[in-house]
Amino acid sequence: MGIFGILLCFVPLAAAFLIFTFGYKIKFTHQLLASLLGLAAILPISLIQYFVPNIPNGIISPLVYSLIKSLIVYGLVEELVKMALLWPLPHKETLKFLLLSFVLGLSLACFESVVYFFDHLQIANNRGAQLLYGQIALRIFTSDIIHMTCTGLCGLFVYTCRQKKARVSFFITAILLHGIYDFFAGYQNGLRWFSIVVLLLSLVECRIKYTSLQNDAE
């Protein structure tokens, strides 16, 4: 059952490879590079998040602390690392660079799901693996999407930098969306549903910002 769980984690990345290769004619080697860069992002992100100091209780309210932590640790740190690793990717066409950015984001998300899988494997053995597989499937439609779209926004930012027309707002949007998503996703009550709104907004933002670049090019 462990192998099936790992394979399930990589379904989105495999689907992206197939769609982008045959649907958009993106070279396999370019997607492989993006995937490896996504894997490389895990270590610096983990190290930075591990050494971020906790704010002592009583200084600020738990709600404010949770929001600040989400924006800095999950928003700024993760998007900054991913943005830095996007620079080696080919960048001649806006759409292909955006799709390669999606691959990098999905790669990071899929490897994170594998870590999640192993962290919870013992619990799953005790309570039934079906629960764990359901959680991984849920991550495919939540965590994987937010990683993909926010990395896409970072990719569009990098693309504009290379065109000498930097759109800093693209990068800021990625940070805010990722941070706010994690803030709401951390709740176990009705507030958790707002994370779905952020997911949909991230998809819309990718579309809007890509379209704006296309209109400027024309």
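**Figure 1. Contact between helices α3 and α4 in the predicted model.** On the α3 side, the residues that take part are Leu 37, Ala 40, Ala 41, Pro 44, Ile 45, Ile 48 and Gln 49. They meet Val 73, Tyr 74, Val 77, Glu 78, Val 81 and Leu 85 of α4. By class, the residues of this contact comprise 11 nonpolar, one polar and one charged. Helix α3 spans residues 28–51 and helix α4 spans residues 62–85; their axes come within 9 Å and cross at roughly 140°. The crossing of α3 past α4 is right-handed.

Figure 2. Apart from neighbours within four places in sequence, Leu 8 is in contact with Tyr 133, Ile 136, Ala 137 and Ile 140. Leu 8 and Arg 139 are separated by 131 residues in sequence, yet their C-alpha atoms are 11 Å apart in space.

**Figure 3. Lys 25 in the loop between α2 and α3.** Lys 25 is not a glycine, but its phi is positive, at about 60°. Most residues other than glycine have a negative phi. With a relative accessible area of 61%, Lys 25 is exposed, since this class begins over 50%.

**Figure 4. Lys 164 in the loop between α8 and α9.** The loop that holds Lys 164 lies between α8 (143–162) and α9 (168–185). Lys 164, although not a glycine, has a positive phi of about 65°. Its relative accessibility of 76% places Lys 164 among the exposed residues.

Conventions
Residues are numbered from 1 along each chain as its sequence is written. This is a predicted model: local features need pLDDT of at least 70, side-chain atom pairs count only at pLDDT 80 or more; totals for chains, interfaces and linings use all residues. Side-chain values use heavy atoms; hydrogens and water are left out. Axes are lines fitted to C-alpha atoms, for helices over the stretch in contact, and angles run from 0 to 180 degrees between N-to-C directions. Helices (H or I, at least four residues) and strands (E, at least two) are DSSP runs, numbered from the N terminus. A crossing is left-handed if the near helix is turned anticlockwise from the far one by less than a right angle, and right-handed if clockwise. Contact means heavy atoms within 4.5 Å. Ala, Val, Leu, Ile, Met, Phe, Trp, Tyr, Cys and Pro count as nonpolar, Asp, Glu, Lys and Arg as charged, and the others, Gly among them, as polar. Buried means under 20% relative accessible area, exposed over 50%, partly exposed in between (1.4 Å probe, protein chains only).
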